[in-house]
Amino acid sequence: MIPKSGDSKEVRNYRHITCLTTIYKTLPGIIAKRISTHLEEQSLLPAEQKGCQPGSEGCQDQLMISKAIYEDCRRRNKNLIIVWIDYQKAFDSVPHSWVEKSIELVGVNSKIVRFCKLSMEKWNKRLILKTKQEVMQSQPNQVRRRIFQGDSLSPLRFCIALIPLTHKLNRADCGYQVHGTERKIRHHCTWVI
């Protein structure tokens, strides 16, 4: 595990190291491209979800939208409430069962859904402690929730898992009416690893 920030005595301040073979890194990259093409052709990835959209700057785009709304409110002398939700350890919190169901819901080819399911079933983690005298390691533990950094398919899995939430937020019919347009910005989301 690699320390991220904060108190080094706190386990939550460490990030796992994901070890993947070259072949495994290549295959999910190909699958991610096919899923992305499917989502794009079917217009399934909501515009609000910038995390996996080609040509998007993710957080930068979303911050620019927030800034534009803020400046428009200031010019028009309107009250504004902006809420940012920080999904702490968001990648770590997604259950594999929901990832699999979400991929099915967007109509991804059943063979790809099966690959995702079977590969996630094989994910495991083990702790390795190296000292000057010895190397100790735990037994492998199956990973049932979380998606891996370093796996090129994981960010897309995460975005797909958020699609139902995005649709529910859009149906809520609240948001900011952009002056001079009919477009209403209901929410926008992105994530940072």
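Is Arg-76 buried, partly exposed or exposed?

**Before you click**

You are looking at a predicted model, where local features need pLDDT of at least 70 and side-chain atom pairs count only at pLDDT 80 or more, while totals for chains, interfaces and linings use all residues. Residues are numbered from 1 along each chain as its sequence is written, and side-chain values use heavy atoms, with hydrogens and water left out.

**Stop 1: the whole chain**

Start with a cartoon view. The protein has six helices and eight strands, taken as DSSP runs numbered from the N terminus (helices: H or I, at least four residues; strands: E, at least two). Reading from the N terminus, the order is β-β-α-α-α-α-α-β-β-β-β-α-β-β.

Of the 193 residues, 29% are buried. Here buried means under 20% relative accessible area, exposed means over 50%, and partly exposed is in between (1.4 Å probe, protein chains only).

Contacts come next, meaning heavy atoms within 4.5 Å. Among contacts with a separation of 6 or more, 58% are between residues 24 or more positions apart.

**Stop 2: helix H2, residues 59-76**

Select Asp-72, Arg-75 and Arg-76 and show their side chains. Asp-72 makes a salt bridge to Arg-76, with the closest N and O atoms 3.0 Å apart; the term means a side-chain nitrogen of Lys or Arg within 4 Å of a carboxyl oxygen of Asp or Glu. Asp-72 also forms a salt bridge with Arg-75, at 3.5 Å between the closest N and O atoms.

Why is about one helical turn what separates Asp-72 from Arg-76? Because the two are four residues apart in helix H2. Asp-72 and Arg-75 are three residues apart in H2, so about one helical turn separates them too.

Asp-72 is buried, at 10% relative accessibility, whereas Arg-75 is exposed at 63%. As for the opening question, Arg-76 counts as partly exposed because its relative accessibility is 31%. Shared partners in the salt bridges join Asp-72, Arg-75 and Arg-76 into one network.

The salt bridge count comes to four.

**Stop 3: a nonpolar patch**

Select Tyr-70, Leu-80 and Ile-82. Together they make a nonpolar surface patch of about 240 Å². Patches take residues with over 30% relative accessible area and no salt bridge, joining like charges within 9 Å and nonpolar side chains (Val, Leu, Ile, Met, Phe, Trp, Tyr) within 5 Å. Leu-80 is in the loop between H2 and helix H3 (90-93), and it is partly exposed because its relative accessibility is 32%.

**Stop 4: helix H4, residues 96-105**

Which residues of H4 are buried? Select His-96, Val-99, Glu-100, Ser-102 and Ile-103. They cover an arc of only 160 degrees around the axis, so they are on the same side of H4; the arc is that of the directions from the helix axis to the C-beta atoms. Ser-97 and Leu-105, on the other side of H4, are exposed.

To see what covers the buried residues, show helix H5 (110-122) and helix H6 (154-171), which are included in that cover. Also in H4 is Glu-104, partly exposed at 38% relative accessible area. Just after H4, check Gly-107, with a positive phi of about 80 degrees.

**Stop 5: the core**

Finish with Ile-35, Leu-39, Ile-103, Val-108, Leu-153, Leu-156 and Ile-160, which touch the most other members of the 24-residue largest nonpolar core. A nonpolar core is a set of buried Ala, Val, Leu, Ile, Met, Phe, Trp, Tyr and Cys residues joined through side-chain atoms within 4.5 Å. Helix H1 (22-41), H4, H5 and H6 each supply at least two residues of this core, and H6 gives the largest share, six residues.

Leaving aside residues up to four places away in sequence, Ile-160 touches Ile-35, Leu-39, Ser-102, Ile-103 and Val-106.

Note on methods:
Areas by Shrake-Rupley, 256 points an atom, 1.4 Å probe, with all protein chains shown as cover.
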